[in-house]
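Colleague: I would like to learn how to read the features of a model like this one. Could you take me through a few of them?

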Amino acid sequence: MTEEALEIENKEIAKQYKRLLKISYRTLTKEDKKLIRSAFDLAVDAHKDQRRKSGEAYIFHPIAVAKIVASEIGLDSTSIAAALLHDVVEDTDYTIADIEQMFGEAVARIVDGLTKISHLSEDKDVSMQAENFRKMLLTLNEDIRVIIIKIADRLHNMQTMDSMPPHKQVKIASETLYIYAPLAHRIGMYNIKTELEDLSLKYTEPEVYNDIFSKIKDSKEQQDAYIESFTSILKNSLDKEELEYEIKGRPKSIYSIRRKMMVQNVTFDEVYDKFAVRIIYNAIPENEKFLAWKIYSIVTDHFRPNPTRLRDWISSPKSTGYEALHITVMGPKGRWVEVQIRSERMNEIAEKGFAAHYKYKNKEKGDVELDDWLNKLQDALGSDEISAVDFVEEFKLNLYAKEIFVFSPMGDLYSLPKGSTALDFAFSIHTEVGLHTRGTKVNGKLVPLSHHLKSGDQVEIITSDKAKPNANWLDYATSGRALTKIKSSLKEEEKLIAAEGKVVLARKLKSLKITLDENTINQLVNFFKIKTSLDLFYRVGAGIIDNKKLKEFAASRNNAFVSFFKNRLRKTSNPEDIDKEEITAKYDQLVFGKEEDKLDYKLAICCNPIPGDKVFGFITVSEGIKVHKKSCPNALQLQSNFSYRIIKAKWIDSTQSEFKSELVISGIDTMGLVNEVTKIISSNHNINMISVHFESDDGVFNGQVKVVVKNISILDNLVKNIKKINGIDKVTRV
Ligand code: MN
């Protein structure tokens with residue numbers, strides 16, 4: 001760089017610094033300014049040889065971050081100083097000790113926290129990101145300013161990402177969506193959250209972003225005209241009340257419009273609430289709420305409100321501190337418009353988050369709320385049982401979780417997180433109710449346990465002593481409480497079955513003249529290739545290891561030597577006969593075609609094939625399929641003259657092959673019936689389900705299940721077990 005260029009740059013740095021002091025949201029004292037000045041001087045010196053990817057001097061970055069911290073978020077001088085110094089320890093030779101010596105403990109602690117949240121390198125996967133996130137949240141108990149400055153840092157990085165290679169842009173943008181935007185939201189920094197989301201979209205899906213961006217621009221005039229017409233209708237009435245106010249149109253963010261388009265599967269033009277109308281009024285604290293409702297009353301005098309879309313965040317502010325009165329009204333041209341009524345103070349809180357909170361509320365109260373939130377976070381973080389990824393997912397879930405309100409049949413009100421199912425509701429009443437849920441009714445109608453509840457639903461839980469959780473319930477419940485209870489109940493169930501299985505096993509072995517001792521258990525575990533004795537007992541109890549299998553075990557055990565010797569003897573006496581006998585016994589089934597279908601057939605008299613022979617099927621005109629030996633004298637003639645009537649055929653060992661079977665099931669439709677049927681099928685490792693079809697008609701239940709099984713006895717067992725299910729009337733094989 002030329003000297004001249006350097007001079008211009010230095011002037012620009014000085015200008016930015018002055019600007020930083022000027023735009024601070026908080027009033028800075030002389031002391032404050034002194035602190036910020038020395039932080040600035042150190043940062044300039046420390047970064048003097050560094051340049052950003054774009055080529056500009058590095059110091060512009062910390063200044064920009066400090067500006068966001070000072071103006072957009074409105075933090076104190078300690079935070080502004082820490083923001084200026086945030087990359088010093090990470091990138092230069094200065095240490096935390098240096099910082100502490102020069103700026104005191106508070107600044108040093110924040111810079112330390114920021115340094116500890118190491119930069120996430122581009123190779124790190126989701127779980128690493130999550131781990132970093134967790135680390136970041138752990139610093140919360142030190143000082144929440146660490147996180148806030150980190151978010152400002154991220155915002156500036158997102159704003160200046162153009163000179164980065166595209167793959168890095170996408171990576172950083174996704175991470176921002178994954179971690180930083182939700183966090184900004186949680187802290188109540190809505191403007192920053194929105195900007196982070198929009199910037200992320202710009203890099204992750206540039207076409208979508210540009211498309212919506214230009215459409216918003218195109219519709220700007222229209223929108224202004226609409227707000228103008230809206231305002232003109234209200235103006236007289238508001239003025240008559242001598243209110244000081246401002247009416248603004250607030251366009252929805254690109255990101256949220258796009259989310260709406262996706263969720264509702266609509267085009268840009270079909271998103272009807274692309275902007276909200278904001279009425280910001282001036283009021284003394286004592287009058288704030290009263291005036292909000294006064295304005296509400298005026299607005300609804302002119303426009304019809306949608307009663308289901310009234311939100312009073314003034315009487316009960318959001319946990320982020322957000323306050324406002326939201327209504328949706330039928331505006332000009334018959335369009336629903338959201339109207340947000342906020343005092344100037346509320347508006348500031350909405351835009352600045354906690355910083356504004358501190359300004360207005362007495363500081364102690366603000367601290368209590370913040371501590372409350374931090375404590376909850378700490379609790380969640382303290383649990384080592386969940387992985388970092390789960391934690392982040394859960395955190396984000398809770399972040400956006402909205403509550404729904406449902407009623408019990410007696411009219412008691414319950415609040416549940418949005419997305420809760422009927423089964424979650426059962427567990428929220430009482431664990432015992434949840435564990436014995438047999439069915440659920442919503443607004444008088446039977447619904448599946450997995451049914452998602454909506455606000456206002458009246459939910460009735462039908463219980464039965466016999467009902468108990470099965471593995472599918474894990475898919476039906478969403479709340480942590482329900483899932484934990486279901487899991488432990490399933491474990492219990494498994495133990496019970498195993499205990500029963502052990503008794504059954506001892507009895508069955510006894511009839512096979514085998515005693516159940518440790519040695520036998522080891523042999524059994526080896527023979528059935530399973531891991532533990534608990535598995536063994538469970539399988540016997542569940543009928544997976546049945547009599548037939550135990551007999552096989554007994555046979556294998558009842559000395560292999562004798563049977564081997566006997567075979568030898570017989571073989572030598574008449575080897576051919578024995579072979580035939582064995583083959584005949586083994587190949588007991590004829591199958592046709594590529595699919596190895598079982599079809600009706602007759603054996604041809606001309607060659608009289610027996611099991612094991614090489615054969616083919618011949619489709620006759622009047623007698624169905626006739627099976628000939630391949631060596632049949634007629635074979636050649638049939639094959640050459642009627643090749644299109646030849647069908648492949650072969651003998652198989654039905655105990656080894658798999659075959660398809662279809663079961664038709666009918667009964668009385670009760671909740672959980674389908675679960676139980678599919679559970680029985682899927683819990684048996686020897687059965688593969690190909691297709692399932694269930695339907696219910698006025699309380700009658702009909703189902704078809706196609707399965708693949710290895711042999712008839714497995715199928716018979718399956719039919720038997722399905723018949724045992726309460727409510728099942730008939731099970732037939734097709
Ligand atoms: Mn930085």
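Colleague: Let me begin with a sheet: in what order do the three strands of the open sheet stand?

Modeller: Some ground rules before that. This is a predicted model, where local features need pLDDT of at least 70 and side-chain atom pairs count only at pLDDT 80 or more, while totals for chains, interfaces and linings use all residues. Residues are numbered from 1 along each chain as its sequence is written, and side-chain values use heavy atoms, with hydrogens and water left out. Helices (H or I, at least four residues) and strands (E, at least two) are DSSP runs, numbered from the N terminus. Two strands pair if DSSP finds at least two bridges between them. Here the order is β10-β9-β11, and the pairing is antiparallel. β10 (445-447) and β11 (459-463) are the edge strands, each pairing on one side only. On average, neighbouring strands of this sheet are turned by 35° against each other, direction ignored.

Colleague: How many bridges hold β9 and β10 together?

Modeller: Three bridges, in the antiparallel sense, with β9 covering residues 437-442. V442 has K445 of β10 as its bridge partner. The loop between β9 and β10 contains N443.

Colleague: What should I look for in the phi of N443?

Modeller: Most residues other than glycine have a negative phi, and most peptide bonds are trans. For N443, phi is near 50°, a positive value in a residue other than glycine. N608 also has a positive phi, near 50°, and sits in the loop between β13 (601-603) and β14 (615-619).

Colleague: Is N608 buried or exposed?

Modeller: Buried means under 20% relative accessible area, exposed over 50%, and partly exposed in between (1.4 Å probe, protein chains only). N608 has a relative accessible area of 51%, and is therefore exposed. Across the chain, buried residues make up 43% of the 734 residues.

Colleague: Which way do the side chains of a strand point, and what happens in β2?

Modeller: In a regular strand the side chains alternate between the two faces of the sheet. In β2, F275, V277, I279 and Y281 point one way, A276, R278 and I280 point the other way, and all are buried. Strand β1 (residues 245-251) runs antiparallel to β2 and is joined to it by seven bridges, with P251 opposite F275. Strand β6 (residues 335-343) pairs with β2 in the parallel sense over six bridges, and V277 has V339 of β6 as its bridge partner.

Colleague: Now helices. At what angle do α12 and α14 pack?

Modeller: Two packed helices are described by the angle between their axes and the distance between the axes. Axes are lines fitted to C-alpha atoms, for helices over the stretch in contact, and angles run from 0 to 180 degrees between N-to-C directions. Helix α12 (residues 206-218) and helix α14 (residues 254-264) pack at about 105°, with axes 10 Å apart. α12 is therefore roughly perpendicular to α14 (angles under 35 degrees count as roughly parallel, over 145 as roughly antiparallel, 65 to 115 as roughly perpendicular and the rest as oblique). With contact meaning heavy atoms within 4.5 Å, α12 contributes V208, Y209, I212, F213 and I216, and α14 contributes I254, I257, R258 and M261.

Colleague: And which residues coordinate the manganese ion?

Modeller: Donors are N, O and S atoms within 2.8 Å of the metal (3.2 Å for Na, K and Ca); water is not among the atoms, so sites may look incomplete. The manganese ion is coordinated by H61 (NE2), H86 (NE2), D87 (OD) and D153 (OD), at 2.3 to 2.4 Å. Along the chain, the donors follow the spacing H-x24-H-D-x65-D. H61 lies in helix α3 (residues 60-73) and D87 in the loop between α4 (77-84) and α5 (88-91), so the pair ties together parts that are 26 residues apart in sequence. H61 and D87 are both buried.
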